[in-house]
Amino acid sequence: MNYTYILECEDDTYYTGWTNDLQKRYQAHQSGKGAKYTKSHRPRRIAFYTVFTTKKEAMREEWRIKHMSRKEKEELIKSPLKNYQLFDENKLKRKKFMSGLHIFYAPSTGQVIMKMNDLSSKIFCDNELFVELPIQDNENWETHEPVISRKGDTISVNIGSDDHPMDEDHHIEFVILMYDKGYRVVYFEPGEKANVEFYPNEPVVAVYAYCNQHGLWYMC
């Protein structure tokens, strides 16, 4: 993971940077070792961040933000996605919640069901057994991992650092936008672009994408 971020400093100025470890980098800024600027302008909070699969994308976004006016940066910070609230007080609670989540899928209908913890009973619909989808972690991640991006007030998720194939035999079947208390599933047909725009103020904390050849992929 690579991050482009904006820090709000104690003197109400902004600092923009990129990193591949946001929490470690923020701690370095707080201790005065992250950058020359934040040594004399200590950060108050992480006001904004966005996630990319490659270093090049994160650096390109850093350059773009650094050339924004203060007003443009403030508009970016106020955009509806809540930056996953990586450092808020609910982080451990949410992590525990996500670890107990199981995603089930009916191949013939495409229906998706979420279930917490209890896996003692099987799930059927019209005599079809739902199968649990394991989260993938292999060499194909760059073409499948959900990538969050912003443009003004528009928040969207694309699948993969490059457009994922959307052919009949190889395509993204659905994307799941996960909330603390619920979720939304967006389905795709072959030929469509695997892109989802967030609703205004949609409280997304995690994104899943399902490829019909390579399985389920996840970004938090």
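Which side chain does E61 meet in a salt bridge? The partner is R64, at 2.7 Å, N to O. The views below take up this pair and its surroundings.

This is a predicted model: local features need pLDDT of at least 70, side-chain atom pairs count only at pLDDT 80 or more, and totals for chains, interfaces and linings use all residues. Residues are numbered from 1 along each chain as its sequence is written, and side-chain values use heavy atoms, with hydrogens and water left out.

**View 1. The whole protein chain.**
The protein chain has 6 helices and 15 strands. Helices (H or I, at least four residues) and strands (E, at least two) are DSSP runs, numbered from the N terminus. Of its 220 residues, 46% count as buried. Buried means under 20% relative accessible area, exposed means over 50%, and partly exposed lies in between (1.4 Å probe, protein chains only). The protein chain exposes about 12400 Å², and carbon and sulfur atoms supply 48% of that area. Accessible areas come from the Shrake-Rupley method with a 1.4 Å probe; for residues, only the protein chains shown count as cover. Take contacts between residues at least 6 apart in sequence: 58% of them join residues at least 24 apart. Contact means heavy atoms within 4.5 Å.

**View 2. The pair E61 and R64 in helix α3.**
A salt bridge is a side-chain nitrogen of Lys or Arg within 4 Å of a carboxyl oxygen of Asp or Glu. Side chains of opposite charge can pair when their charged atoms come close. E61 and R64 are 3 residues apart in helix α3 (residues 55–66), so about one helical turn separates them. An α-helix has 3.6 residues a turn, so residues three or four places apart point the same way. E61 is buried, at 12% relative accessibility. R64 is partly exposed, at 34%.

The 12 residues of α3 should span 16 Å at 1.5 Å a residue, and the end C-alpha atoms are 16 Å apart, which agrees. The expected span is 1.5 Å times one less than the number of residues in the helix. Which residues of α3 are buried? They are E57, A58, E61, E62 and I65. These residues cover an arc of only 140° around the axis, so they sit on the same side of α3. The arc is that of the directions from the helix axis to the C-beta atoms. On the other side, K56 and W63 are exposed. The cover over the buried residues of α3 includes β1, β2, β3 and α4.

**View 3. The pair R70 and E74 in helix α4.**
R70 forms a salt bridge with E74, with the closest N and O atoms 3.1 Å apart. Both lie in helix α4 (residues 70–77), 4 residues apart, about one turn of the helix. R70 is partly exposed, at 43% relative accessibility. E74 is partly exposed too, at 26%.

**View 4. D12 and R44, a link between loop and strand.**
The side chains of D12 and R44 meet in a salt bridge (3.0 Å, N to O). D12 lies in the loop between β1 (2–9) and β2 (14–19), and R44 in strand β3 (residues 43–52), so the pair ties together parts that are 32 residues apart in sequence. D12 is partly exposed, at 42% relative accessibility. R44 is partly exposed, at 39%. A network of salt bridges links E8, D12, R44 and R45. The whole structure holds 6 salt bridges.
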